[in-house]
Amino acid sequence: MDLRDFYLLAALIACLRLDSAVAQELIYTIREELPENVPIGNIPKDLNISHINAATGTSASLVYRLVSKAGDAPLVKVSSTTGEIFTTSNRIDREKLCAGASYAEENECFFELEVVILPNDFFRLIKIKIIVKDTNDNAPMFPSPVINISIPENTLINSRFPIPSATDPDTGFNGVQHYELLNGQSVFGLDIVETPEGEKWPQLIVQQNLDREQKDTYVMKIKVEDGGTPQKSSTAILQVTVSDVNDNRPVFKESQVEVHIPENAPVGTSVIQLHATDADIGSNAEIRYIFGAQVAPATKRFFALNNTTGLITVQRSLDREETAIHKVTVLASDGSSTPARATVTINVTDVNDNPPNIDLRYIISPINGTVYLSEKDPVNTKIALITVSDKDTDVNGKVICFIEREVPFHLKAVYDNQYLLETSSLLDYEGTKEFSFKIVASDSGKPSLNQTALVRVKLEDENDNPPIFSQPVIELSVSENNRRGLYLTTISATDEDSGKNADIVYQLGPNASFFDLDRKTGVLTASRVFDREEQERFIFTVTARDNGTPPLQSQAAVIVTVLDENDNSPKFTHNHFQFFVSENLPKYSTVGVITVTDADAGENKAVTLSILNDNENFVLDPFSGVIKSNVSFDREQQSSYTFDVKAVDGGQPPRSSTAKVTINVMDVNDNSPVVIYPPSNTSFKLVPLSAIPGSVVAEVFAVDIDTGMNAELKYTIVSGNSKGLFRIDPVTGNITLEEKPNPSDVGLHRLVVNISDLGYPKSLHTLVLVFLYVNDTAGNASHIYDLIRRTMETPLDRNIGDSSQPYQNEDYLTIMIAIVAGAMVVIVVIFVTVLVRCRHASRFKAAQRSKQGAEWMSPNQENKQNKKKKRKKRKSPKSSLLNFVTIEESKPDDAVHEPINGTISLPAELEEQSIGRFDWGTAPPTTFKPNSPDLAKHYKSASPQSAFHLKPDTPVSVKKHHVIQELPLDNTFVGGCDTLSKRSSTSSDHFSASECSSQGGFKTKGPLHTRQRSLKRGLQLCGDRPAYHRG
């Protein structure tokens, strides 16, 4: 509705008031707090308004409109079509709607509203009055949740005190109806007084005597109820305070109080806060504090008392040492006639405000404040008695006394506060002549206070120090050949004493005849001429003595070293040095040491050696004197070397001397025995069946070009004598018959004879084959030679009689062919052998010089040998010599010499001989003479000394090349140290001479059998010296 409509409506209302038919009034009664859309009334129905126009008789649509102000929240609403009145969402609260109004009846609370009916033809203004009836929707409430009432403690019993009434916005029976006192504690009761207006006033009744000092407050609850349904109520706290009456005097909490305060407490420091209480309150409890009449005026000067607070403070500086305890009486009064009394004892505690006191009293009287002591005074000499004290007490008065620095004095406690000052160690005037130190007395307070006393002590000298040399050992040097009286040095000593105790005189000791010494100045001079070679060093003593009583002295050692001058020539220990070396010593080996001395020293004795005339055969170390060979020695070529040696020293000018040196070459067992007889390994001897035991049936003879034990030989049968038919003399080599042969012995016998020397450290040996044909006659020589040839297929460790094919049962045709072929072969072999040996005799000598220690081998037949090896690898029978000689091939180092390693396997029965047991594992290499048509043609040699190693039971490898044994005319096998011996030496000392035993340590010493005739006969085949080799 806008403003224009509002004015229009107001005008209409004003006009209609004049017409009772236009203005009508309706009254409705409702209860408060109704929900929304509750119908209140029906305007057309309640006013009986018709919707038919009386003038026209037609039905009209009426519109009902509530007249309200803009912004109002209507409590009811009117349906514009039906005219029904309903409640709205706005709460109708009777207490709020009629707040502040007083109604005698319940319907007195109402609100009014106006409703207009449109259109204008049916316009009416309806005034509606809605009476709101009360509901019990409010609980009665006290004015405050806590109600305080003050009642004097002297109130009489049954006295009444009003309590504020509760109010209830509701009316009638819904208002306040009943009061109740909760927890009255039998001290208070409640009475309700109803006024003529119907109000109910509660009153509190005192039922017992009150005493505020016992209990000053009572807390209860008061409850109020209305008469509504349901009934509502509320409570409030009722707090009754008992007011005071001055019926109590003040009381101190403690009547006797003791306090402590330090003596250095500043002015204004609180001593104690006295507190007296009064059971009364207010002015009745106002207390004043005053000093009692008994307090001394001096105490009042030190302390002040606050009359209101009861605080006692310091008003003057305290001194415990003056007054330690103060007693104060304090009165507390509330205005009554009887005040309270308290006694305060004030203890002034100690503060470390007083330093200790030192009382020093001397036992040894000082002179001008200084104590004089002798340095010989004993330990613990008493000097002074010290007493310490402190005015403070307890810890502050506990004093300790000490010396502030390290001095040879100490304090010895005798009582709690007394000390003796004593010497703590021996005094030394020379160390410290005067002592000045402080004795400190310190208390234990915090902070600590101390006091000091100065003590001065001076020492008096005693002759307690001997003179001391600046150096305990004085070392000097002087050249030899000096002049007499030569100044050497000045000897000096000091004495820490003073005065005459420090005057020193000097004196020479024994063994100083070469020197002079000034007693006062200590100047040392030479009294003689020195010769370093006679005496290089002089050691004597010098004594320094003071003039004290008694005098003290000390000594120093003087060492005078005479310096060398080059006045002596080098001197050899021998004018003629002779050294012995073994032949075959490797090149650049040490052969001897030249020793030379020089009586001089330093560079003057530094000797340099040199060889004067040697043709560079030897090298001499110029400093060590070691002589080393520049050649390989061969005693057989040259047995000694002689040259001169020169020694030059390093002096200026240099001096020199010479000596003679001879190098003697000693023999070494480097030559194996050479077989002279039998002349060849294919010859034989006839042994008739009629030969008697002990007769010589054959002869073996060999020579060794070494000397001494290296040339002594021993003969042994190592194989082929299984029946024991023969024996060989170990010295002469004669083979004799042991027993008479019988027909079963007829046939060819092959004896393997080992010839070994007795050399050391390794024995060398040679094997030779001796064939003996046992029969009355040897008519068919060709047949015998054929048998000998066929035995080459039998291993050396087997008897030829063990062959599977008997040699004596051949058919006649075979024998004849063998005889003819054998004869031809023998003739050709003899011819070729003689020719080759004669042609190569000169070559053999040259080869000996160029190849030191080398072995001669047969000419290289590599191509032929390779072919034979291939054939024999396919066809060789297992029963032949292949079973004990095996050659392992290796790649050659060059085209001329190729290495070969062979292994000979012998059965056990060959190792078990009567003399000893064969040690085939240590057998030395086997060597052949030069130009011999022997086993060498069956293999390639890489060394002049073949490497045959005899080992028992060595298995045969079918992949290795086998050697076919073809015995030469000369020696067949040449070995090292006796392979039958178990002994082996590893010594390589070429300066030592020893022997090698053969066959299990067997040693033979006897005459050397040389057999010159046989030797010459064998060597004349070439018309020259025998061609031999050194193993």
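Tutor: Start with pairing: two strands pair if DSSP finds at least two bridges between them. Keep in mind that this is a predicted model.

Student: What makes E24 and strand E26 a pair?

Tutor: The cut-off is at least two bridges. E24 and E26 (residues 382–389) are joined over six bridges, in the antiparallel sense. Therefore they pair. Within this pairing, Asp-359 stands opposite Thr-387 in E26.

Student: Which sheet do they belong to, and in what order do its strands come?

Tutor: The sheet is open and has four strands, in the order E24-E26-E29-E28. Its pairing is antiparallel.

Student: Why are strand E24 and strand E28 said to stand at the edges?

Tutor: Count the partners. Strand E24 (357–362) and strand E28 (409–415) each have a single partner strand, so one side of each has no neighbour in the sheet. From one strand to the next, the twist averages 25°.

Student: What is the order of strands in the open sheet with mixed pairing?

Tutor: That sheet has four strands, in the order E42-E49-E48-E45. Strand E42 (576–582) and strand E45 (608–611) are its edge strands, because each pairs on one side only. Here the twist averages 30° from one strand to the next.

Student: How many bridges join E42 to strand E49?

Tutor: Seven bridges join E42 to E49 (residues 656–666), and the two run parallel. The cut-off is at least two, so E42 and E49 pair. Val-581 stands opposite Val-665 in E49.

Student: Where is Asn-671, and why is Asn-671 called buried?

Tutor: Asn-671 sits in the loop between E49 and strand E50 (674–677). Buried means under 20% relative accessible area. Asn-671 has 0%, so it counts as buried.

Student: What makes the link between the side chains of Asn-671 and Asp-706 a polar contact?

Tutor: The distance cut-off is a pair of N or O atoms within 3.5 Å. The side chains of Asn-671 and Asp-706 make their polar contact at 2.7 Å. The side chain of Asn-671 also makes a polar contact with the side chain of Asp-670, at 2.8 Å.

Student: Is Asn-42 buried or exposed?

Tutor: Asn-42 has a relative accessible area of 19%, so it is buried. The limit is under 20%. Asn-42 lies in strand E2 (residues 39–42).

Student: Which residues is Asn-42 in contact with, leaving aside neighbours within four places in sequence?

Tutor: Asn-42 is in contact with Tyr-28, Thr-82, Gly-83 and Glu-84. Contact means heavy atoms within 4.5 Å. Asn-42 and Ile-85 are 6.1 Å apart, C-alpha to C-alpha, and 43 residues apart in sequence.

Student: How do you know that Cys-98 and Cys-109 form a disulfide?

Tutor: The sulfur atoms must be within 2.5 Å. Those of Cys-98 and Cys-109 are 1.7 Å apart, so the pair is a disulfide. A search of the whole structure finds one disulfide.

Student: Why is the disulfide of Cys-98 and Cys-109 called right-handed?

Tutor: Its torsion about the S-S bond is about 95°, so it is right-handed.

Student: Are Cys-98 and Cys-109 buried or exposed?

Tutor: Cys-98 is buried, at 9% relative accessible area. Cys-109 is buried too, at 0%.

Notes
Residues numbered from 1 in each chain as written. Predicted model: local features only at pLDDT ≥ 70, side-chain atom pairs only at ≥ 80, totals over all residues. Heavy atoms only, no water. Axes fitted to C-alpha atoms, helices over the stretch in contact; angles between N-to-C directions. Buried < 20%, exposed > 50% of the residue type's maximum accessible area, 1.4 Å probe, protein only. Polar contact = N/O pair within 3.5 Å; in protein donor to acceptor, adjacent residues only side chain to side chain.
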